[in-house]
Amino acid sequence: DKSRAAAADIANLIVDVLPLHDPSGGLFLFTQTDRAQRPSAFSSPDVKITALAGAVLGIVLAVVAALMRDSIARTVETAEQLRHATGKTVLAVVPRPKDPTKLALADPDSPAAAAFRALRVELEFASSQRPPGPIVVANANPDGTDNGWLAGNLAVALAQVQHHVLVIDADFRRRDRNPLLPADPGPGLYDVLREATSVEEALRMGPIDGVTV
């Protein structure tokens, strides 16, 4: 109670009445050692001190949790982490596609299209002293479906500025993982490697001029 005197009276009244209404059926013996006296001060916790202590404890726990996660996690999530882990320059960050069977550059205003244009600019700048060589697109996840999507969009982005690009898809598991590959069956890289067909017979035209698959 807000009144210290009333709080003492309530405590003594409860002690007097509780034995008359024993919920245990006589299993417990209620004994009062001392009558409650009017307290000199409230025993409630100091809200300000408690809130400050809780905030400090929360910050400490958050820092400890972040350090533990950083030491345990093996996933690269940012360009800076990749740069630190490999010591290599990160040319661009491309958002993960919602549908890897469709070209992102079909929508020139999409974030993915802007990322591929930035990647194209960085590649052209990096190869300004010499012609660009083969570009290998690989996924760290063996079951990933983004390789064909990445290769296809990069090829289209390069062809849009007068580059001639030959895309070689070496993923023999599923043809639908590359949006540049036609749905109809026909000779491909496997047939060329086993010399069942010529390279010319296996070539297909891409979605725009300058891209061959």
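**Stop one: a helix pair**

Start by selecting A112, F116, L119, R120 and L123 in α4, which meet W149, L150, N153, L154, A157 and L158 in α5 (contact means heavy atoms within 4.5 Å). By class, this contact of α4 with α5 has 9 nonpolar, 1 polar and 1 charged residues; Ala, Val, Leu, Ile, Met, Phe, Trp, Tyr, Cys and Pro count as nonpolar, Asp, Glu, Lys and Arg as charged, and the others, Gly among them, as polar.

A word on what you're looking at: this is a predicted model, where local features need pLDDT of at least 70 and side-chain atom pairs count only at pLDDT 80 or more, while totals for chains, interfaces and linings use all residues. Residues are numbered from 1 along each chain as its sequence is written, and side-chain values use heavy atoms, with hydrogens and water left out.

Now show α4 (residues 111-126) whole: α4 and α5 pack at an angle of about 65°, with their axes 9 Å apart (axes are lines fitted to C-alpha atoms, for helices over the stretch in contact, and angles run from 0 to 180 degrees between N-to-C directions). That makes α4 roughly perpendicular to α5 (65 to 115 degrees).

**Stop two: two loop residues**

Next, pick Q162, in the loop between α5 (147-159) and β1 (165-166); helices are DSSP runs of H or I, at least four residues, and strands of E, at least two. Its phi is near 70°, positive though Q162 is not glycine. Buried or exposed? Q162 is exposed, at 67% relative accessible area (exposed means over 50%, with a 1.4 Å probe and protein chains only).

Finish on E195, between α6 (189-193) and α7 (199-202). Phi of E195 is near 60°, again positive in a non-glycine residue, and E195 is exposed too, at 72%.

Terms used:
Buried < 20%, exposed > 50% of the residue type's maximum accessible area, 1.4 Å probe, protein only. Parallel < 35°, antiparallel > 145°, perpendicular 65-115°, else oblique.
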